[in-house]
Structure formats: C-alpha cells, structure tokens
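Dear colleague,

Please find below the structure that I am handing over to you. My notes on what was found in it follow directly after.

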Amino acid sequence: MSVFARMNHYVRHYRTALNRRRTERLIDTLPAEIRKDIGWPAHYTSIQSDGRDNRSISRF
C-alpha cells in the first residue's frame, strides 16, 4: 500500500468520523419526543455498548 493510499484511507475515515459526530450533535439538539420517535437513544446506546460500530474521532 502506497503512502498516498494510506493517507487517503486515513482521510476517508477521519471525514466519516467528523460527519458521524456532526450528525450526533444535530440529533441531540432535537426535542426528546422526536428523538424517541426515531429511536435515537436506544440505537446510539446499543452501538456504544457493544463497541462494534464505535467510529469516534478519538480512535484516530
């Protein structure tokens, strides 16, 4: 794997993490009733608790 391919890989993952965090912040600003309707707290806590889909920026 070349240096450019590795850098591209890193940048793609970094952007994905930024977009995910931006989405989390946006959804967190919604009223609790709407978050409950879309299942946000349950989905988010299940992702965080099992660790399989933890793509936060802090991992980089």
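Glu 24 is buried in this predicted model, because its relative accessible area is 9%. Here buried means under 20% relative accessible area, exposed means over 50%, and partly exposed lies in between (1.4 Å probe, protein chains only). The side chain of Glu 24 meets that of Arg 21 in a salt bridge, with 3.1 Å from N to O. A salt bridge is defined as a side-chain nitrogen of Lys or Arg within 4 Å of a carboxyl oxygen of Asp or Glu. A search of the whole structure finds 1 such bridge. Arg 21, for its part, is partly exposed, with a relative accessible area of 34%. Both residues lie in helix 1, 3 residues apart, which is about one turn of the helix. In general, an α-helix has 3.6 residues a turn, so residues three or four places apart point the same way.

Residues are numbered from 1 along each chain as its sequence is written. The model is predicted, so local features need pLDDT of at least 70 and side-chain atom pairs count only at pLDDT 80 or more, while totals for chains, interfaces and linings use all residues; side-chain values use heavy atoms, with hydrogens and water left out.

As to the overall fold, the secondary structure of the chain comes to 3 helices and 0 strands, in the pattern α-α-α along the sequence. Helices (H or I, at least four residues) and strands (E, at least two) are DSSP runs, numbered from the N terminus. Of the 60 residues of the chain, 10% count as buried. The accessible surface of the chain is about 5100 Å², and 57% of this belongs to carbon and sulfur atoms. Such areas come from the Shrake-Rupley method with a 1.4 Å probe; for residues, only the protein chains shown count as cover.

Helix 1 has 26 residues and reaches 37 Å from its first C-alpha to its last, close to the 38 Å expected at 1.5 Å a residue. That expected span is 1.5 Å times one less than the number of residues. Its buried residues are Ala 17, Glu 24 and Ile 27.

Which aromatic rings pair in this model? The search of the whole structure finds 1 aromatic pair. The rings of Tyr 10 and Tyr 14 have their centres 6.2 Å apart and their planes at 20°, so the pair is stacked. Rings of Phe, Tyr and Trp (its six-membered ring) pair if their centres lie within 6.5 Å; planes under 30 degrees apart count as stacked, over 60 as edge-to-face and the rest as tilted. Tyr 10 and Tyr 14 are 4 residues apart in helix 1, about one helical turn. Tyr 10 is partly exposed at 41% relative accessible area, and Tyr 14 is partly exposed at 34%.

Met 7, Tyr 10, Tyr 14 and Leu 18 form a nonpolar patch on the surface, with about 370 Å² of accessible area together. Patches are made of residues with over 30% relative accessible area and no salt bridge: like charges are joined within 9 Å, nonpolar side chains (Val, Leu, Ile, Met, Phe, Trp, Tyr) within 5 Å.

Lastly, confidence: the chain averages a pLDDT of 79, and 67% of the residues score at least 70. pLDDT is the predictor's confidence in each residue, from 0 to 100. Confidence is lowest in helix 3 (residues 40-50), at a mean of 61, and highest in helix 1, at 93. Where pLDDT is low, the predicted coordinates should not be read in detail.

With kind regards
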